[in-house]
Amino acid sequence: MSDTTDPEDDIALAGEYSLGLLDSDGRHDFEVRLGGNPALRKLVADWHEKLVQLTETIQPVQPPARIKHQIDLTLFGRRARRHRFVTPKHSAGVSFMRFLAGGVVGFGAVMVLALALPLFMAPPQVGPVSHVAQIADPGTGLVVQASLDLATGALRVKRTSGEPASGRSLELWVIAAGTDVPVSLGVIDASPMVIRLSPEIAQQVATGTLAVSDEPKRGSITGRPTNVLGTGKVMVL
Amino acid sequence: MNTRAEIEGLLGRVADRDRAAFSALYSATSAKLFGVALRILNNRAEAEEVLQDAFVKIWQNADRYIANGFSPMTWLITLTRNQAIDRIRTRKLATADIDLARDVSDKGPTPEQALLASSERAQIDACLDELEQDRSAAVRGAYLDGLSYQELADRHDVPLNTMRTWLRRSLLKLKECMTK
């Protein structure tokens, strides 16, 4: 193919690309050109504006309600409002348990300490509590206590000692039993605070492990904990 | 009925991680996008999965919408179509017989719908009608059924290079017609 492309060649090529007709080599070469070529990108956008008219007579069909629930579960781990941040990427990256076991300096010590600590002084409670957990990090002096009312899905979280680093936040995660994928429960931006969990997530908390990580101000932007400070197995009261 | 400005506003808020806006966007657009997925895939279970994948991508990529230069519904429909076409390509790797996946018999508008729509026909329909019937069918087949050049060539019983030439010429004519 010559370097100087006939404008008509590009119009047709952009059309073929938009239709999905180029083979993988052709598509790759075209996409490389698209990267540095606003005029070519405009051609593609133009084609899509034209071709999309072919969908005008397609009738809308109401999807089943469970699809939205599934999307929310995939993206946010639960349905409650407090979740604000990016999804845990379940398929990507190092497994959480390997991360815990191998990578973090001093983490082995934290694990041992967490198990050795007495269950804890029960935090002031609002309503019945069925499960509790304590997450402690001797390195930062952080202690976070959580109490769950499984019946209502209310998870009360209180930071009894220690603080997030300046300009950063603490984020709470649940790791369901039998998995190693942490699901974000949100940023601990007040103490005490109550997080409302869906029945499914409440169940995961009740039988799982909670973790607290140190994150940028608005929470992890990768969907995975970037700096775990501590974990706590959730216990039945 | 949501206006372009409303959808655009919702997309902007979704880019800012506004979940209420994401739910509102879903309410406003999911039926249309599901219809598109059903039309392309002719398979309800696959269309449901594609719809889910599409909305996950919409959440993850809403910030790229503005940079793309598309109008909002075009962006949403194109994204959904791309997911559906990817699904077709995967499906075809798994099975030689593409008809196995079809379980929806009606593919197009009913005669009543076609009659109603004819007065407000999209410009592309009029311009496609100016092409010869098999050229017009080839463009539609590529867009709405995800057919490849080889499949189009087989369907119309012409050599591959002939189909390529037909398509390219047809695209140029279509562009010219639609730019009037």
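Predicted model: local features only at pLDDT ≥ 70, side-chain atom pairs only at ≥ 80, totals over all residues.
**Strands of chain A**

In chain A, five strands make up an open sheet with antiparallel pairing, in the order β6-β3-β2-β1-β9. The edge positions are taken by β6 (193-196) and β9 (235-236) of chain A; each has a single partner strand, so one side of each lacks a neighbour in the sheet. Within this sheet, strand β1 (residues 131-137) and strand β2 (residues 142-149) of chain A run antiparallel and are joined by seven bridges. Here A:Ala133 stands opposite A:Ala146, which belongs to β2(A).

Another antiparallel pairing in chain A is that of strand β4 (residues 168-175) with β5(A), through five bridges. A:Glu171 is placed opposite A:Val187 of β5(A). The hairpin formed by β4(A) and β5(A) has six residues between the strands, and A:Gly178 in this hairpin has a positive phi near 80°. Strand β5 (residues 182-187) of chain A is largely enclosed by the rest of the structure, because six of its six residues are buried.

**Helices of chain B**

Chain B has ten helices and zero strands. Its pattern along the sequence is α-α-α-α-α-α-α-α-α-α. Of its 180 residues, 48% count as buried.

**Salt bridges**

Over all chains, the whole structure contains 17 salt bridges.

| Residue | Partner | Closest N and O atoms |
|---|---|---|
| B:Asp145 | B:Arg39 | 2.9 Å |
| B:Arg135 | B:Glu132 | 3.5 Å |
| B:Arg135 | B:Asp134 | 3.4 Å |

The salt bridge between B:Asp145 and B:Arg39 links distant parts of the chain: B:Asp145 lies in helix α8 (residues 133-145) and B:Arg39 in helix α2 (residues 19-41) of chain B, 106 residues apart. Both B:Asp145 and B:Arg39 are buried.

B:Arg135 forms salt bridges with B:Glu132 and with B:Asp134.

Methods:
Residues numbered from 1 in each chain as written. Chains lettered and ligands numbered in written order. Heavy atoms only, no water. Buried < 20%, exposed > 50% of the residue type's maximum accessible area, 1.4 Å probe, protein only. Helix = DSSP H or I, 4+ residues; strand = E, 2+ residues; numbered from the N terminus. Pairing = 2+ DSSP bridges. Salt bridge = Lys/Arg side-chain N within 4 Å of Asp/Glu carboxyl O.
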